[in-house]
Amino acid sequence: MATFEVLLASDFTARSDRPTARAIQLAGAKDGKLIIAHVLEKNSGADEEAVADRLKADLPPGAEDAELIIR
């Protein structure tokens with residue numbers, strides 16, 4: 001049986017709060033997995049691991065177990 005997955009593209013600004021809440025709701029209703037994708041600016045020089053840690057700390061309730069993909 002296939003696992004239900006919800007993929008959310010997010011820039012983690014306040015404008016993404018509603019789509020994030022809806023993705024959490026959908027994943028929870030279907031007992032599925034939430035995957036959040038975030039893209040860094042080209043040549044930002046940001047440390048992906050540090051960015052991931054910071055973003056994970058700011059995830060709203062219900063998204064604690066979400067998979068975070070950063071590119």
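Colleague: Let's start with one residue pair. Which residue in β2 does E5 stand opposite?

Modeller: E5 stands opposite K33 in β2. Keep in mind that this is a predicted model. In general, strands of a sheet pair through backbone hydrogen bonds, either parallel or antiparallel. Here β1 and β2 (residues 33-38) run parallel, and five bridges join them.

Colleague: And how many bridges join β2 to β3?

Modeller: Four, and β2 and β3 also run parallel. For a pair to look at there, take A37, which stands opposite I69 in β3.

Colleague: What order do the strands take in the sheet?

Modeller: The order is β1-β2-β3, in an open sheet of three strands with parallel pairing. β1 and β3 (67-70) have a single partner strand each and stand at the edges, so one side of each is left without a neighbour in the sheet. On average, neighbouring strands are turned by 20 degrees against each other, direction ignored.

Colleague: Now the helices. Which strands does α1 touch?

Modeller: Helix α1 packs on the sheet and touches β1 and β2, with its direction at about 170 degrees to that of β1. Helix α2 (residues 48-57) packs on the sheet as well, touching β2 and β3; the angle between its direction and that of β3 is about 140 degrees.

Colleague: What does S16 touch, leaving out residues up to four places away in sequence?

Modeller: S10 and D11. With S10 there is also a polar contact, side chain to side chain, at 3.3 Å.

Colleague: And R22, where does that one lie?

Modeller: R22 lies in helix α1, which spans residues 17-29. Partly exposed covers the range between the buried limit of 20% and the exposed limit of 50%. R22 has a relative accessible area of 44% and is therefore partly exposed. Relative to S10, R22 is 12 residues away in sequence and 12 Å away in space, C-alpha to C-alpha.

How values were computed: Residues numbered from 1 in each chain as written. Predicted model: local features only at pLDDT ≥ 70, side-chain atom pairs only at ≥ 80, totals over all residues. Heavy atoms only, no water. Helix = DSSP H or I, 4+ residues; strand = E, 2+ residues; numbered from the N terminus. Buried < 20%, exposed > 50% of the residue type's maximum accessible area, 1.4 Å probe, protein only. Polar contact = N/O pair within 3.5 Å; in protein donor to acceptor, adjacent residues only side chain to side chain. Contact = heavy atoms within 4.5 Å. Pairing = 2+ DSSP bridges. Axes fitted to C-alpha atoms, helices over the stretch in contact; angles between N-to-C directions.
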